[in-house]
Protein chains: 4
Amino acid sequence: MDFASIQAFFNRADSFARHNGMSITELRDGFARAEMELQPSHLNGARTVHGGALFTLADFAFAAASNSSGRLALSINSSISIYQGAQEGRLTAEARRVSESAKLASYEVAIRTAGGDLLAAFQGMVYRKAAPLDALPAWPE
Amino acid sequence: MDFASIQAFFNRADSFARHNGMSITELRDGFARAEMELQPSHLNGARTVHGGALFTLADFAFAAASNSSGRLALSINSSISIYQGAQEGRLTAEARRVSESAKLASYEVAIRTAGGDLLAAFQGMVYRKAAPLDALPAWPE
Amino acid sequence: MDFASIQAFFNRADSFARHNGMSITELRDGFARAEMELQPSHLNGARTVHGGALFTLADFAFAAASNSSGRLALSINSSISIYQGAQEGRLTAEARRVSESAKLASYEVAIRTAGGDLLAAFQGMVYRKAAPLDALPAWPE
Amino acid sequence: MDFASIQAFFNRADSFARHNGMSITELRDGFARAEMELQPSHLNGARTVHGGALFTLADFAFAAASNSSGRLALSINSSISIYQGAQEGRLTAEARRVSESAKLASYEVAIRTAGGDLLAAFQGMVYRKAAPLDALPAWPE
């Protein structure tokens with residue numbers, strides 16, 4: 001699978017990200033960007049963006065970046081620190097590879113507002129399976 | 001606010017949790033349980049529950065538990081380790097207080113299947129504001 | 001290697017733990033306890049126990065517990081939350097297995113004072129190698 | 001206190017770092033570098049640098065950087081991912097501020113070999129007290 005196919009796969013097949021209005025807007029080796037336009041459905045009871053929405057946006061970018069080699073990678077551990085809230089506008093999560101060995105790889109993700117403010121920082125580690133990404137059965141249409 | 005009011009508030013006002021089919025089914029001092037019935041919209045491209053859905057369920061229980069005193073608490077840091085996937089059935093996240101000081105508190109959350117299998121473990125820390133939870137402006141109906 | 005041999009190995013071969021006055025006082029399948037008597041050399045500039053000393057005590061218990069099966073396990077990720085300080089007395093770190101698969105395992109560690117106060121909570125994940133623990137070359141001493 | 005005084009304070013007063021051969025070699029606003037020359041006392045039973053030694057080096061840089069404003073900051077949460085081992089040579093930990101609010105601040109620390117290889121990545125959060133750093137009672141020495 002080339003980068004465009006992997007990006008298209010994530011946008012088509014990741015139901016939770018799609019259900020929450022998120023898409024991958026750039027993908028290359030060890031890097032991916034996910035974006036979402038804040039909607040009322042992304043907010044928590046304090047009327048600011050939900051930690052789960054921030055985490056999901058970061059996790060989506062992390063998944064796309066860590067599978068960018070075409071080899072199946074599964075998240076085993078991740079953490080997020082949240083620095084400030086947001087109520088509206090477009091949020092961007094950029095995931096970058098920090099380290100990679102045969103079985104494990106680590107990524108950092110920064111979530112920013114359209115104005116460039118850092119809302120949250122995410123770190124994630126994947127376990128890299130031997131199987132290729134497209135060995136996954138039953139691509140959902 | 002008593003425990004029943006706080007539970008009702010989270011179920012009414014947390015738009016992201018509600019949009020993703022999650023509800024608080026029990027709340028008492030320093031404890032909350034969140035539940036969701038797995039739907040296709042909770043899955044990722046590998047057709048297993050999305051890490052963002054697991055995180056959100058845990059974060060929702062954590063938010064309810066950490067606000068159970070009626071004093072506004074905001075998540076500042078959290079981490080999740082994912083041990084196995086799930087494709088269907090009811091998932092439960094139980095949040096318990098581990099430690100609390102004047103300004104900070106820590107919680108652990110376990111996510112389990114209906115059969116009791118541990119899917120993921122979450123740790124979270126909140127900053128405790130002086131304001132009461134119900135000082136939040138404009139409760140959404 | 002039986003449990004007593006593994007415990008003896010960690011107490012003999014872990015130079016950093018030994019240099020800092022830490023020892024494993026109990027070890028069984030998926031569990032280990034490490035202890036240290038607080039000394040002035042464990043303190044930081046604020047004259048309370050150094051986060052590095054707390055982390056090391058927890059990491060030592062985690063290493064012993066995660067190698068208790070006799071199969072070599074290496075730490076890949078860990079986190080610690082510190083709830084309060086301590087200036088003197090005996091500290092105990094107890095590591096317990098939370099989850100284990102063929103290649104990965106997770107542990108939780110609680111650090112307490114002799115009086116039972118929780119000072120810090122630690123979570124760690126290991127990668128499990130195929131090699132047995134005693135395949136390590138050149139046992140020191 | 002100016003930067004040179006704060007750096008000197010950490011090198012004099014942090015007993016655990018000093019006991020383990022670590023020193024702060026640069027400090028400025030929101031940044032600090034800690035260094036150590038690997039010794040046999042830094043190793044674990046697998047004869048590679050102990051996770052506790054790596055954590056302590058990072059934590060020491062983090063403490064110095066987060067106190068560089070002269071206002072007392074205490075670590076409340078930190079995590080470390082370890083990518084590879086090292087047996088000898090000089091290790092460097094550089095801590096940089098990522099975010100800061102009135103009460104909380106976050107830092108990232110990278111630990112590298114003299115050759116520039118990334119051994120580990122550390123993230124830490126502090127709670128910022130109102131007290132100045134030099135209000136600490138009883139400066140040792």
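This is a predicted model: local features need pLDDT of at least 70, side-chain atom pairs count only at pLDDT 80 or more; totals for chains, interfaces and linings use all residues.
**Entry 1: a covered strand**

I began with strand S5 of chain D, residues 104-113, and found it mostly covered, with seven of its 10 residues buried. Buried here means 20 or more other C-beta atoms within 10 Å of a residue's own, exposed means 12 or fewer, partly exposed lies in between, and the C-beta atoms are placed from the backbone. I took strands as DSSP runs of E with at least two residues and helices as runs of H or I with at least four, numbered from the N terminus.

Residues are numbered from 1 along each chain as its sequence is written, while chains are lettered from A and ligands numbered from 1 in the order in which they are written.

**Entry 2: the neighbours of S5(D)**

Next I asked what pairs with S5(D), counting two strands as paired if DSSP finds at least two bridges between them. On the S4 side, residues 90-100 of chain D run antiparallel to S5(D) over nine bridges. I noted Arg96(D) opposite Glu108(D) there. Three residues lie between S4(D) and S5(D) in their hairpin.

S6 of chain D, residues 118-132, also pairs with S5(D), antiparallel and over nine bridges. Here I found Ser106(D) opposite Met125(D). The hairpin of S5(D) and S6(D) has four residues between the strands, and Gly116(D) takes a positive phi near 95° in it.

**Entry 3: a hairpin in chain C**

I then moved to chain C, where S1 (residues 22-28) and S2 (residues 31-37) pair in the antiparallel sense over six bridges. Arg28(C) has Phe31(C) in S2(C) as its bridge partner. Two residues separate S1(C) from S2(C) in this hairpin, and Gly30(C) in the turn shows a positive phi of about 75°.

**Entry 4: where C and D meet**

How many residues does each chain bring to the contact between D and C? I read 34 from chain D and 34 from chain C, with contact meaning C-beta atoms, placed from the backbone, within 7 Å. On the side of chain D that touches chain C, helices H1 (3-13), H2 (15-19) and H3 (51-66) and strand S3 (71-82) each supply at least two residues. That side divides into 16 nonpolar, 15 polar and three charged residues.

I was pleased to see S3 of chain C, residues 71-82, pair with S3(D) in the antiparallel sense over five bridges. Ser78(C) stands opposite Ile80(D).

**Entry 5: symmetry**

I laid chain D on chain C: a turn of 180° and a shift of 0.0 Å along the axis gave an RMSD of 0.0 Å, superposing by least squares on C-alpha atoms of residues with pLDDT of at least 70 in both. That is the relation of a two-fold axis. Ser79(D) comes closest to the rotation axis of the residues of chain D, its C-alpha at 1.9 Å. The copies meet through the same surface, because 100% of the interface residues of chain D are also interface residues in chain C.

**Entry 6: confidence**

Last, I checked the scores: ipTM is 0.94 and pTM 0.93. Chain A has a mean pLDDT of 93, with 96% of its residues at 70 or more; pLDDT is the predictor's confidence in each residue, from 0 to 100.

Definitions and conventions. Two residues are in contact if their C-beta atoms, placed from the backbone, lie within 7 Å. Ala, Val, Leu, Ile, Met, Phe, Trp, Tyr, Cys and Pro count as nonpolar, Asp, Glu, Lys and Arg as charged, and the others, Gly among them, as polar.
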